[in-house]
Amino acid sequence: MNSAFSPLYTPPDELGATLRQEGYAVLNPRGVAEWLDLPLTDLEALQPDWAQLPPDEYLKDGGRYRRRRHACFTTEGGALVQAPHRAHWQPVEYNALHGGMQRWFAPMEPDTVARPAWRRLLLKTAEAAAALRGDQRWYIEAHQFRIDTEGGIGRPTPEGAHRDGVDLVAVALVGRQGIKGGETRVFEAGGRRGERFTLTEPWTLMLLDDQRVIHESTPIQPVAPGTQGWRDTLVITCRAGGFQGD
């Protein structure tokens, strides 16, 4: 499939059914605004935060192409509570490159997590997880990423195609500038079927049933030699039973 292809977008009112049937669904920006019942400008107001992300100091491939912040939350019964700042941890079964490490990323900015649009996004993502697994307490991790091409190439998923070891993963494209590549690939975890497409519009949102599919994004390169570009994303995961590493 051509990497320039757009994803097949799901209408917001069909999100739950599509997730159950296909294992993933993609909302276009207008669909995200409808799903959240918020104007898209409320989400766009979050974008300047990505210009201030500190470097990821844990890349085992020696790269300097990734910047990020991290925050954790719990939600139950419609209430959202920010958890004390903690390390991000994954087992090697889910992340062969960085699994088994306690990675202490910089916390997200207080002004960011206090925004009504931010809280609404997390609560709706938890609702999508509940539609798959039932109502319960959800343990949420949020990651702001900037992948840049300062060194010539940037790798959104240096660990390769993977699952995250959670119940639901949501990936929002916050923006991309001056790059080629960054193709999204979603495959059945226990089969051969897969899809490839490129997220190009800011605040396109992909939701994944992490128990059914694996995913990755291909490396990015600058559109012209000697220039710099970047790709900004927000990744939100929902997990039942506790944070990984507890």
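This note sets out some points on the fold and on a few single residues of a predicted model.

1. Basis. Residues are numbered from 1 along each chain as its sequence is written, and side-chain values use heavy atoms, with hydrogens and water left out. Because the model is predicted, local features need pLDDT of at least 70 and side-chain atom pairs count only at pLDDT 80 or more, while totals for chains, interfaces and linings use all residues.

2. Overall shape. The chain has 5 helices and 12 strands; helices (H or I, at least four residues) and strands (E, at least two) are DSSP runs, numbered from the N terminus. Its radius of gyration, taken over C-alpha atoms, is 17 Å, close to the 18 Å that the globule rule gives for 246 residues, so the chain is as compact as a globular protein of that length. That rule is 2.2 Å times the number of residues to the power 0.38. The C-alpha trace spans about 50 × 40 × 40 Å along its principal axes.

3. Of the 246 residues, 52% count as buried, where buried means under 20% relative accessible area, exposed over 50%, and partly exposed in between (1.4 Å probe, protein chains only). Among contacts (heavy atoms within 4.5 Å) with a separation of 6 or more, 77% come from residues 24 or more positions apart.

4. Helix α5. Buried positions in α5 include W118, L121, L122, T125 and L132. Just after α5, G134 takes a positive phi of about 100°.

5. T149. This residue sits in the loop between β4 (138-148) and β5 (168-177). T149 is buried, with a relative accessible area of 2%. Its side chain reaches the backbone nitrogen of G229 at 2.7 Å. Leaving aside neighbours within four places in sequence, the contacts of T149 include I179, I220, P222 and G229.

6. Most residues other than glycine have a negative phi. D37, in the loop between α2 (29-36) and α3 (40-44), has a positive phi of about 55°. W203, in the loop between β8 (194-198) and β9 (204-209), has a positive phi of about 70°. D37 counts as exposed at 63% relative accessibility, whereas W203 is buried, with a relative accessible area of 2%.

Key: A polar contact is a pair of N or O atoms within 3.5 Å; within protein, one must be able to donate a hydrogen and the other to accept it, and residues adjacent in sequence count only if both atoms are side-chain atoms.
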